[in-house]
Amino acid sequence: MTDQQHYDVVIIGSGVGGGSVAYQLAGSNANVLILERGPVLPREAQNWDPEAVFCEERYKCNDTWYSDGRPFRPGMFYFVGGHTKFYGTAMLRYREKDFQEIEHEEGISPAWPIQYADLEPWYAKAETLFGVRGQEGIDPTEPPRSTGYPFPPMPHEPVLLDIEKKLKSQGLKPFPMPSAVDYGSGGICQRCENCDAFPCKIDAKGDAEMKLVRPALRSPNVELRPGVCVERLITDDTGKRIVSVEVKEGDKQYTIHADTFVLSAGAINSAALLLRSANESHPQGLANSSDVVGRHYMTHNTSAIMAVHPFKINNTHFPKTLAIHDFYFGDGKEGSEPLGGLQLLGKIREPMLRGPLSYVPKFVRHALASRSVDWYAQSEDLPHPDSRITVRPDGAINMHWHRTNLPAHKRWVDKCKKILRGTGYPIVLSESFGTEVVSHQCGTIRFGNDPKTSALDTNCKAWDHDNLYVVDTSFFPSSAAVNPALTLAAQALKVGHHLRTEVIGCD
Ligand SMILES: Cc1cc2nc3c(=O)[nH]c(=O)nc-3n(C[C@H](O)[C@H](O)[C@H](O)COP(=O)(O)OP(=O)(O)OC[C@H]3O[C@@H](n4cnc5c(N)ncnc54)[C@H](O)[C@@H]3O)c2cc1C
Ligand code: SF4
């Protein structure tokens with residue numbers, strides 16, 4: 001092993017969490033190094049090719065994880081920018097009540113140790129950085145905002161304009177889905193058909209590489225090393241401070257030292273890394289005297305819903321412009337429990353149906369895909385201590401996803417189907433997502449006010465270590481029922497500001 005240089009701050013992972021911290025530290029007097037296991041994603045024809053992305057799984061990681069002993073290849077993507085290279089650009093704030101305790105049919109969604117008001121200015125900053133397009137004042141569950149959206153919403157295409165009208169005629173309040181794409185006057189988005197789950201070939205998607213990492217790298221104090229995988233965090237003899245990380249870069253293994261470490265490897269990998277770094281002072285893994293690391297894994301209860309009209313072709317190019325939150329907190333009846341949200345999904349094409357509908361002839365899959373309007377129903381997954389990421393003796397990740405709140409999700413999907421039939425689509429099919437879809441992973445290193453029941457304080461600093469911060473969706477104590485990236489960005493920008501002003505001592 002060779003020893004590398006010493007840095008003031010080492011950030012592990014270049015997704016929304018790591019990227020936001022790097023963005024906040026750019027231009028400070030700290031030497032910052034971002035370590036990213038993946039490469040910069042190549043801009044190439046295959047970016048927009050459903051065969052390459054869905055059938056050949058060109059960009060999916062080659063990890064083998066286990067679900068209660070069963071091996072599987074998880075839906076993980078290791079690139080500079082992390083999962084946002086593939087995300088659907090839906091950038092929603094959590095609802096104000098999502099930060100408080102909420103009773104669900106199968107248990108409690110716990111309160112966060114911070115309130116919506118603590119994050120509100122950071123939500124506004126995150127929306128500006130990501131260039132979010134939206135329209136306030138329509139979503140019935142929208143939290144209070146100090147600012148409008150930076151840009152007007154993506155306009156609906158004709159098929160969706162008609163559906164919006166029909167949803168309104170059912171008494172619902174469909175709202176324009178906030179999304180981060182560089183569209184409109186001076187924008188370069190081409191409204192291609194390949195946004196959700198595809199990388200953007202022309203860099204028009206507001207992802208963490210384009211909006212956080214690249215801008216941070218314009219400052220000479222921030223360095224990025226792609227292709228470097230952190231294998232272990234090392235503490236000093238007291239166990240109180242992290243002193244270095246052991247990394248692997250191709251065939252080379254070496255150690256990097258720093259004063260402060262920010263772990264942002266994603267909720268599952270960050271938990272696994274802390275568990276793999278167990279040592280004499282911390283036999284249960286680092287940051288884990290509370291025994292919560294790896295527990296409370298959540299990833300939303302989600303279903304894809306295809307609303308099909310046999311005689312209508314859906315030629316929409318950018319479908320993610322509409323969402324419904326009318327039943328987010330319940331169906332309005334006294335004592336009813338939360339159901340969830342419904343939002344448009346990226347356009348489903350024939351290659352995407354080959355897995356779930358392999359038994360159906362290709363021409364039928366093609367006919368379905370060309371006629372469907374595709375939706376995404378999302379309900380809260382509650383934290384359960386046995387829903388858990390562990391590390392096997394061979395170092396591989398094992399997941400036990402203790403699913404919660406499924407009856408509520410099923411009720412929500414049934415209600416969505418009724419709503420969608422009411423928009424004039426007689427055939428409505430649904431398929432729920434399984435264990436290998438880990439897109440909305442969160443909760444595995446929760447923050448809180450009590451070191452006995454949480455791993456991190458409200459600045460995302462590990463209670464057990466003086467210089468370790470964990471800033472990815474692992475800190476979420478609950479998953480709510482909206483997409484996580486904007487909430488992560490808001491808290492990560494806040495933590496980055498804390499590091500810059502309080503830890504590094506820079507303006
Ligand atoms: C297909 C898809 C669609 C989605 N759509 C939406 C959406 O529309 N809206 C929304 O809000 N959310 C969406 N999400 C979820 C959203 O993308 C994630 O919640 C968010 O990007 C998570 O950011 P993160 O920083 O926690 O982790 P990640 O994005 O996973 O970043 C972690 C980074 O760390 C790197 N890394 C991991 N281990 C190591 C290691 N040991 N050493 C060095 N580097 C390491 C990884 O390569 C990765 O780049 C979607 C996700 C997917 C996959
Ligand atoms: S819709 Fe726009 S932002 Fe999305 S991938 Fe296509 S060009 Fe890029």
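Start with an open sheet of four strands, whose order is S4-S3-S17-S16 and whose pairing is mixed. Keep in mind throughout that this is a predicted model. Select strand S4 (70-72) and then S16: these are the edge strands, and each of them pairs on one side only. On average, neighbouring strands of this sheet are turned by 30° against each other, with direction ignored.

Select strand S3 (residues 65-67) together with S4. The two pair in the antiparallel sense, over three bridges.

Next, select strand S16 (residues 388-391) and strand S17 (residues 397-400). They are antiparallel too, and four bridges pair them. Click on Val391: which residue is its bridge partner in S17? The partner is Ile397. S16 and S17 form a hairpin, with five residues between them. In the turn, look for Gly395, which has a positive phi of about 90°.

Strands of a sheet pair through backbone hydrogen bonds, and the pairing is either parallel or antiparallel. Side chains in a regular strand alternate between the two faces of the sheet.

**A second hairpin**

Move to strand S10 (residues 242-249) and strand S11 (residues 252-263). These strands run antiparallel and are joined by six bridges. Val245 stands opposite Ile256 in S11. How many residues lie between S10 and S11 in their hairpin? There are two, and Gly250 in the turn has a positive phi of about 60°.

Is the pairing of S11 and S19 parallel or antiparallel? It is parallel, over three bridges. To find the place, look for Phe261, which stands opposite Leu468 in S19.

**The six-stranded sheet**

Another open sheet has six strands, in the order S7-S13-S14-S15-S12-S18, with antiparallel pairing. Its edge strands are strand S7 (175-176) and strand S18 (427-432), each pairing on one side only. Zoom in on S7 and strand S13 (residues 322-324): two bridges join these antiparallel strands. Here Pro176 stands opposite Leu322 in S13.

**Ligand 1**

Select ligand 1 and the residues around it. There are 36 of them, and Glu36, His83, Ala90, Val230 and Ala485 come nearest. By type, this shell divides into 16 nonpolar, 16 polar and four charged residues.

- Val16: a backbone N or O atom lies 3.3 Å from an oxygen atom of ligand 1.
- His83: a polar backbone atom is 2.8 Å from an oxygen atom of ligand 1.
- Gly88: a polar backbone atom is 2.9 Å from a nitrogen atom of ligand 1.

On its own, ligand 1 has 1000 Å² of accessible area, and the protein covers 96% of that. Colour the elements that give two or more residues to this shell: helix H1 (16-25), strand S2 (32-36), strand S9 (229-235) and helix H10 (485-503).

**Ligand 2**

Finish at ligand 2. Which of the 13 residues around ligand 2 come nearest? They are Cys189, Cys192, Asn194, Cys195 and Cys200. The shell around ligand 2 consists of nine nonpolar, two polar and two charged residues.

Conventions: Residues are numbered from 1 along each chain as its sequence is written. Chains are lettered from A and ligands numbered from 1 in the order in which they are written. This is a predicted model: local features need pLDDT of at least 70, side-chain atom pairs count only at pLDDT 80 or more; totals for chains, interfaces and linings use all residues. Side-chain values use heavy atoms; hydrogens and water are left out. A residue is near a molecule or strand if one of its heavy atoms lies within 4 Å of it. Ala, Val, Leu, Ile, Met, Phe, Trp, Tyr, Cys and Pro count as nonpolar, Asp, Glu, Lys and Arg as charged, and the others, Gly among them, as polar. A polar contact is a pair of N or O atoms within 3.5 Å; within protein, one must be able to donate a hydrogen and the other to accept it, and residues adjacent in sequence count only if both atoms are side-chain atoms. Accessible areas come from the Shrake-Rupley method with a 1.4 Å probe; for residues, only the protein chains shown count as cover. Two strands pair if DSSP finds at least two bridges between them. Axes are lines fitted to C-alpha atoms, for helices over the stretch in contact, and angles run from 0 to 180 degrees between N-to-C directions.
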